[in-house]
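Q: I would like to learn how to read charged pairs and a helix in a model of this kind. Could you take me through them?

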Amino acid sequence: MYKVFVNDKPLFLTNQISKETDFELFLLESIDFERVIIKMFQNKIQKAYLYHPDEKEIMKTLKAKIPVCKAGGGLVYNTKGEVLFIFRNGKWDLPKGGIEKGEEIEVTAMREVEEETGVNQLRVTDKLQKTYHVFKRNGKYKLKVTHWFEMQSKFDGIPKGQLEEGIEKVAWLNPEEIKEALKNSYENIKLLFEEEKLLK
């Protein structure tokens, strides 16, 4: 099952029919993607399931209907086991950004972490899940697919937020502070911490 966040509301791409009732179910053959996405942006749909026996087929169809932006990001640990967070647009987030032409996605993730936070001496230690979210730019919907990497850094200076990217704060947060920050973060960021088993 894929989870795509539309305005922080989940659109599940699934090959199983669940018995829950608090959502709308759409079939791939009959769905008008744009209409469903607009309704989710307008808060008329809180949660939706999109069904097809082959869930990869649903993702393929979604990518064919909505332009895809590929991004790379980092879940970065320092030597004390703290995680690097950025604060922008009123929410806690992890550093990430768009891929440049001809760039390997792992390189994108490391470059973006360094550009957005000033933290260097990065080493990729694991490949994490991809996250998906739909956003609107210049009146058009786009699907952002972010490839996440776990990283370690021996950086011991003071991180600095990239102002032109609207980053107001950069902080190393310990497990307790992370729990607090995630109350004011994005759903796809929470998914990463569930995967990392940092959310008990």
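The dialogue below turns to salt bridges and then to one helix.

A: A word on the basis comes before the features: this is a predicted model, in which local features need pLDDT of at least 70 and side-chain atom pairs count only at pLDDT 80 or more, while totals for chains, interfaces and linings use all residues. Residues are numbered from 1 along each chain as its sequence is written, and side-chain values use heavy atoms, with hydrogens and water left out.

Q: How many salt bridges does a search of the whole structure find?

A: Side chains of opposite charge can pair when their charged atoms come close. The criterion used here is a side-chain nitrogen of Lys or Arg within 4 Å of a carboxyl oxygen of Asp or Glu. With it, a search of the whole structure finds eleven salt bridges.

Q: What is the relative accessibility of Arg111, which pairs with Glu115?

A: Arg111 counts as buried at 16%, while Glu115 is partly exposed at 37%. The closest N and O atoms of their salt bridge are 3.3 Å apart, and the two residues sit four residues apart in helix α3 (residues 105–117), separated by about one helical turn.

Q: Which residues of α2 are buried, and which are exposed on the other side?

A: Glu55, Ile58, Met59 and Leu62 are buried in α2. Seen down the helix axis, the buried residues of α2 fall within an arc of 95°, so they line one face of the helix; the arc is that of the directions from the helix axis to the C-beta atoms. On the other side of α2, Lys56, Lys60 and Ala64 are exposed.

Q: What covers the buried residues of α2?

A: With contact taken as heavy atoms within 4.5 Å, the cover includes β1 (2–6), β2 (9–14), α1 (33–41), β4 (48–51), β9 (122–137) and β10 (140–153).

Note on methods:
Buried means under 20% relative accessible area, exposed over 50%, partly exposed in between (1.4 Å probe, protein chains only).
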